[in-house]
Amino acid sequence: MGSKEHEVHDFIRDIINKDLKTNKYGGRVHTRFPPEPNGYLHIGHAKSICLNFGIAEDYKGECNLRFDDTNPSKEEKEYVRSIIEDVRWLGFDWEDRLFFASDYFDQMYEYAVQLTKKGKAYVDDLNAEEISRMRGTLTTPGEESPFRDRPIEENLDLLNRMKAGEFADGEKVLRARIDMTHPNMNMRDPVIYRILHASHHNTGDKWCIYPMYDWAHGLEDSIENITHSICTLEFENHRPLYDWFLDELGVYHPQQIEFARLNLTYTVMSKRKLLELVEGGHVKGWDDPRMPTISGMRRRGYSPSAIRTFCTRIGVAKVNSIVDFEFLEHCIRDDLNKTATRFMGVLRPLKVVIENYPEDQVEEMEAINNPEDPNAGKRKVPFSKVLYIEQDDFMEEPPKKFYRLAPDREVRFRYAYFVTCTEVIKENEEVVELRCTVDPATRGGAAPDNRKVKSTLHWVSAAHAMDAEVHLYDKLFTVQDPLGQKDTDFKELLNPDSIEVLTSCKVEPAVKNLKHFDRFQFERLGYFCVDPDTTEDNLVLNRTVGLRDTWAKIQKQQQMNK
RNA sequence: AGCCCCGUAGUGUAGGUGGUCAAUCAUUCGGGAUUCUGGAUCUCGUAACGGUGGUUCGAAUCCACCCGGGGCUACCA
């Protein structure tokens, strides 16, 4: 499929190619993925991970995994753990380059002293509210703090005492001394250090002052010798500050490049919003299969390779855009079609009795494990007198274009026989059982006389079937852009039918050999994954995505034409 | 309102230094072929350079203005 995927071309690689040509970084390419450990990773992060690690791979460079852990009040070890797990699961390797911003706190402090000595930073006694007020507005300039012209020695002393813990939270901050009238708000004497008497997941109680993002991030990149510091669009206005800090310090200076973050229809992509769903009990946790988190998608049955292809195929640009979730589904189908073992399972069973089949006979029918992969081999599926088929596969009064089973109609039972429905048994208008006959000459599923049949159905043998609980999923939200609705909280737009639990499913016996997280296909139904809640006597399956369903489309059209 | 970024088919994108663009690839949508999954595969088709001026023999590519979208006023990242 997708032609020359190896020749990825985008504006970031353009810049890198140019830098390589001019030898800007001595031919090096070194990127980093810098998550803050304050939540679980989602598919949007996967885009960034694939970009950063992918570029390093393409250019034979390196990519660091670095935790941007500068705010102890929001960050936790558990998030560090999950992020490491997710990046690794996606298939990326940072070798020995796992770093923490907090490992650089000493160095960052030294740089702050340096900046202060240069007269480019000062300790401000104003409180948060005063600083905010005096920063001015988008259209009006800010005012200078009365503490802005403190002597350097006094600043140095105060900074040292801030660090020593002599002051309470919020009592003082260290600010850069730039320009309170700058049209870019970020340049109006931004805060560099704030006092936070909080215990840090990594440094414990060693520090009570913590660096702000703008100050810390460029330094982290510089210390790690990053060449291209790739981040999202909202940091574009911060680049002048990124550059200013590094230039004032006179240290190694990477290039910050901004790209548009990923948006997907029918979901939300912000850690804060996802946290809200988790804490509000709207989903069952960060790894709920309906969540766009990496762990949720893993549990849903997405493969790392499908996520990776998705990320490269959506491309990278600077335009804000929103990708159809259908494209994600296409990528997972495309991947699983080639790799998933096929099985048969019935979600909503309808009993079928084969009248002309001996009571106690069992035949082992040979089935192909994956028609897309000859190496996947074959397996045996037991066939007997009493079977189950899908309720949807029978209609007493079939409309036009319904090719499946109906009274007096012959269809094929996959890998088994041609079957004709001879009698319909009902209880209060409801079809509860079918009586059918098989044509013994069609054993295996092929007709010696070459006669055709309009459809092939999946089935399971009642006596041999295993029970299973199957979870079917639908879109998490009812609208494409849940955050784009003014006056409506996104939680009110949750799809009440995003999960459907079916408990009386019947699946072929071979399924019992599967392990947690194994992915496979139920023929004609879709791709599924063994949920980790599965126990010895309770098989729980998640449907990752259905197969493309042409019949459903026809049905919809027929209903619309009525 | 000040500053910054962006504007190619329904969607996501490709289009170094202007011509070979009556514009790439993928998806979606519509048709056909094939098929023991109404799956997959193959094949055909519909569909786009925000607008207006300018520079030029020639502009999606350069310039100007306009229109439209997004971001920025956290001791968050």
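**Helix packing and sheet order in the predicted model**

In this predicted model, helix H1 (residues 11-21) packs against helix H2 (residues 43-58) at an angle of about 40°, the two axes lying 12 Å apart. Helices (H or I, at least four residues) and strands (E, at least two) are DSSP runs numbered from the N terminus; axes are lines fitted to C-alpha atoms, for helices over the stretch in contact, with angles from 0 to 180 degrees between N-to-C directions. H1 and H2 are therefore oblique to each other (angles under 35 degrees count as roughly parallel, over 145 as roughly antiparallel, 65 to 115 as roughly perpendicular and the rest as oblique). Ile 12, Arg 13 and Ile 16 of H1 make the contact with Leu 51, Gly 54, Ile 55 and Asp 58 of H2 (contact: heavy atoms within 4.5 Å).

Seven strands form an open sheet with mixed pairing, in the order E10-E23-E24-E25-E21-E22-E11 (pairing requires at least two DSSP bridges between two strands). E21 (residues 466-473) pairs with E22 (residues 499-507) in the antiparallel sense over seven bridges, and Val 470 has Leu 502 of E22 as its bridge partner.

Chain A has a mean pLDDT (the predictor's confidence in each residue, from 0 to 100) of 96, with 99% of its residues at 70 or more. Over residues 1-6, pLDDT stays under 50. The model scores are ipTM 0.95 and pTM 0.96.

Residues are numbered from 1 along each chain as its sequence is written, and chains are lettered from A and ligands numbered from 1 in the order in which they are written. Local features need pLDDT of at least 70, side-chain atom pairs count only at pLDDT 80 or more, and totals for chains, interfaces and linings use all residues, while side-chain values use heavy atoms, leaving out hydrogens and water.
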